[in-house]
Amino acid sequence: EGRKSLMALNPVKWLLLPAGMFCLALGFLGILLPGLPATPFVLLAAWLFSRSSPRFERALVESRLFGPVLRDWRTHRGITRRTRWIALFVVAITVGVTCFIAPVTDWLRWSVAGLAAIGIFVILRLRVIPS
């Protein structure tokens, strides 16, 4: 009676938390799927967690996989040149495998190439910071 539930205190948190989980899932998929950039989704997940779950935000920022990129982004609003090259390399390899080796239809090849072009554009637009 004297204590309110967390949901009653801030129902928006209960919308932001699943949205953060969804963006983080897309970030993981972005590591594996060609043309789907991981970084923007991970940045968005961190922002959503910062407004919904300090525990998830802290875990994400301290993770070995995403933590360094998130800390660079928060500190300098950019990525290192090494991170940029790794991202471009991963896009090139996954697109190359999908378009030239994997048995996929032409529409899927063109879709992957188009999404990869968008991903490369996003990567190249990010500010490069000193290592």
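This is a predicted model: local features need pLDDT of at least 70, side-chain atom pairs count only at pLDDT 80 or more; totals for chains, interfaces and linings use all residues.

**Salt bridges, helix packing and a surface patch**

Let me start with Asp106 and Arg109, which both lie in helix α7 (residues 106–125), three residues apart, or about one turn of the helix; helices here are DSSP runs of H or I with at least four residues, strands are runs of E with at least two, and both are numbered from the N terminus. Residues are numbered from 1 along each chain as its sequence is written, and side-chain values use heavy atoms, with hydrogens and water left out.

Asp106 forms a salt bridge with Arg109, the closest N and O atoms being 3.3 Å apart, where a salt bridge is a side-chain nitrogen of Lys or Arg within 4 Å of a carboxyl oxygen of Asp or Glu. Side chains of opposite charge can pair when their charged atoms come close. Asp106 counts as exposed because its relative accessibility is 54%, whereas Arg109, at 25%, is partly exposed; the cut-offs are under 20% relative accessible area for buried, over 50% for exposed, and partly exposed in between, with a 1.4 Å probe and protein chains only.

How many salt bridges does this rule give? The count comes to two, and the other pair to show you is Arg74 with Glu57, whose side chains meet at 2.7 Å, N to O. This pair links distant parts of the chain, since Arg74 is in helix α5 and Glu57 in helix α4, 17 residues apart. Arg74 is partly exposed, because its relative accessibility is 39%, while Glu57 has a relative accessible area of 17% and is therefore buried.

Helix α4 (residues 54–61) and α5 pack at an angle of about 105°, with their axes 7 Å apart, so α4 is roughly perpendicular to α5. The axes are lines fitted to C-alpha atoms, for helices over the stretch in contact, and angles run from 0 to 180 degrees between N-to-C directions; under 35 degrees counts as roughly parallel, over 145 as roughly antiparallel, 65 to 115 as roughly perpendicular, and the rest as oblique. Glu57, Leu60 and Val61 in α4 meet Gly67, Leu70, Arg71 and Arg74 in α5, contact meaning heavy atoms within 4.5 Å.

Helix α3 (residues 38–52) also approaches helix α5 (residues 67–76), their axes coming within 11 Å and crossing at roughly 70°, which means that α3 is roughly perpendicular to α5. Within α3 sits Ala45, which is buried because its relative accessible area is 0%. Leaving out residues up to four places away in sequence, Ala45 touches Gly20, Cys23, Leu24 and Leu60.

Finally, the surface: Ile86, Phe89, Val90, Ile93, Val97, Phe100 and Ile101 make a nonpolar patch of about 730 Å². Phe100, in helix α6 (residues 81–101), counts as exposed because its relative accessibility is 72%. Patches are made of residues with over 30% relative accessible area and no salt bridge, joining like charges within 9 Å and nonpolar side chains (Val, Leu, Ile, Met, Phe, Trp, Tyr) within 5 Å.

Methods
Accessible areas come from the Shrake-Rupley method with a 1.4 Å probe; for residues, only the protein chains shown count as cover.
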